[in-house]
Each structure stands twice: as structure tokens, then as C-alpha cells.
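Here is a quick tour of a model, with a look at its rings, its charges and one of its pockets. Have the viewer open as you read.

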Amino acid sequence: MNFNRRTSTLDLYKICNDLGVKNVKIIRKYDLKKTIEQKKFKNIIINLDDYGSGTHWVACNTDKKLYFDSYAQLPPFGIPNSYKRSSTKKELQNVEGENCGALCCLWLYYINFKSNDEFYKLFKDVY
């Protein structure tokens with residue numbers, strides 16, 4: 001498998017499944033508020049484009065009320081104010097990078113089975 005170009009919804013579900021991350025919902029940004037309010041899903045991966053093939057994937061964990069963006073940007077509209085960013089320090093990828101979806105899956109794995117701090121230790125050259 002080529003893990004460098006994971007942008008499709010199907011690929012992200014497969015990566016999460018392979019990592020053992022359960023209760024995942026992958027959505028478009030316009031479904032974010034409704035999905036969080038339903039309280040049915042613990043792990044949410046969000047395509048920041050409303051239509052088309054997508055520009056960027058971000059994620060949140062509803063149990064820990066954490067939000068992840070590999071660009072370390074502020075959460076999009078629909079993420080409750082009570083959610084904290086997983087990091088505000090540095091980007092984990094450049095603007096031309098195409099691994100944001102895979103990074104979301106990996107972050108969800110660490111949030112569910114390890115810790116946010118352990119996830120960022122993987123990037124000790126950045127942090």
C-alpha cells in the first residue's frame with residue numbers, strides 16, 4: 001500500500017480499520033455541526049471542501065474534545081468552542097503535502113490508544 005496519497009474516504013476508513021480505530025465517521029464540512037450534535041461518533045474525519053475531491057482533511061475526537069489539523073490551524077465552523085486544538089505549535093506537513101488524511105487516522109489511533117503527547121513525539125524533529 002502507498003500511504004503517501006490517502007485522500008479518498010474509502011482509503012481513510014481502511015486505514016482507520018487497519019489501525020483498530022472504531023466508531024469513525026468521515027464527512028464533508030457541511031455535515032460537521034449535525035454529526036457532532038448527534039453524538040453517535042467518537043472519531044470524525046472532516047473534508048474541508050464542501051464539494052469536489054477535497055483540499056484538506058482534519059479530525060476530531062468527541063470523547064476528549066480535541067481537534068487535529070496537520071497545519072495547526074484554528075478549527076472550522078461547526079467544531080464547538082469547548083474543543084481544544086491538539087497542537088498550536090507547528091505544521092506537520094507543507095501546503096503541497098498529500099498525507100493529511102493519513103495523519104488524521106494516525107492521530108485518531110494515538111488519541112484512542114495512547115496519547116496526544118505520544119503522537120507529537122513521533123515528530124520530534126518538528127516539536
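What follows covers the aromatic pairs, the salt bridges and a pocket.

## Ground rules

This is a predicted model, so to speak of local features we need pLDDT of at least 70, side-chain atom pairs count only at pLDDT 80 or more, and totals for chains, interfaces and linings use all residues. Residues are numbered from 1 along each chain as its sequence is written, and side-chain values use heavy atoms, with hydrogens and water left out.

## Aromatic rings

The count comes to seven aromatic pairs. Rings of Phe, Tyr and Trp (its six-membered ring) pair if their centres lie within 6.5 Å; planes under 30 degrees apart are stacked, over 60 edge-to-face, and the rest tilted. F68 and F119 make an edge-to-face pair, 5.5 Å centre to centre with 90 degrees between the planes. F68 sits in strand β4 (residues 66-68) and F119 in helix α4 (residues 116-121), so this pair ties together parts 51 residues apart in sequence. Helices (H or I, at least four residues) and strands (E, at least two) are DSSP runs, numbered from the N terminus.

Both F68 and F119 are buried; that label means under 20% relative accessible area, with exposed over 50% and partly exposed in between (1.4 Å probe, protein chains only). Y109 and F113 form a tilted pair, at 5.3 Å and 45 degrees. They are four residues apart in helix α3 (residues 100-113), about one helical turn, and F113 is partly exposed at 47%. Ring pairs link F68, W107, Y109, Y110, F113, F119, Y120 and F123 into a cluster.

## Salt bridges

There are four salt bridges, each a side-chain nitrogen of Lys or Arg within 4 Å of a carboxyl oxygen of Asp or Glu. One of them joins K33 and E37 (3.9 Å, N to O), which lie four residues apart in helix α2 (residues 32-38). K33 is partly exposed at 46%, while E37 is exposed at 51%.

K42 pairs with D63, with 3.7 Å between the closest N and O atoms. That bridge links distant parts of the chain, 21 residues apart: K42 is in the loop between α2 and β2 (43-47), D63 in the loop between β3 (57-61) and β4.

## The second largest pocket

K42 and D63 turn up again here, among the residues lining the second largest pocket, which also include N23, F41 and Y83. Its lining divides into four nonpolar, three polar and five charged residues.

Note on methods
On a 1 Å grid over the protein atoms alone, a cavity is a set of points where a 1.4 Å probe fits but cannot get out, and a pocket is an open set with protein on both sides within 12 Å along at least five of seven lines; lining residues have an atom within 4 Å of a point. Ala, Val, Leu, Ile, Met, Phe, Trp, Tyr, Cys and Pro count as nonpolar, Asp, Glu, Lys and Arg as charged, and the others, Gly among them, as polar.
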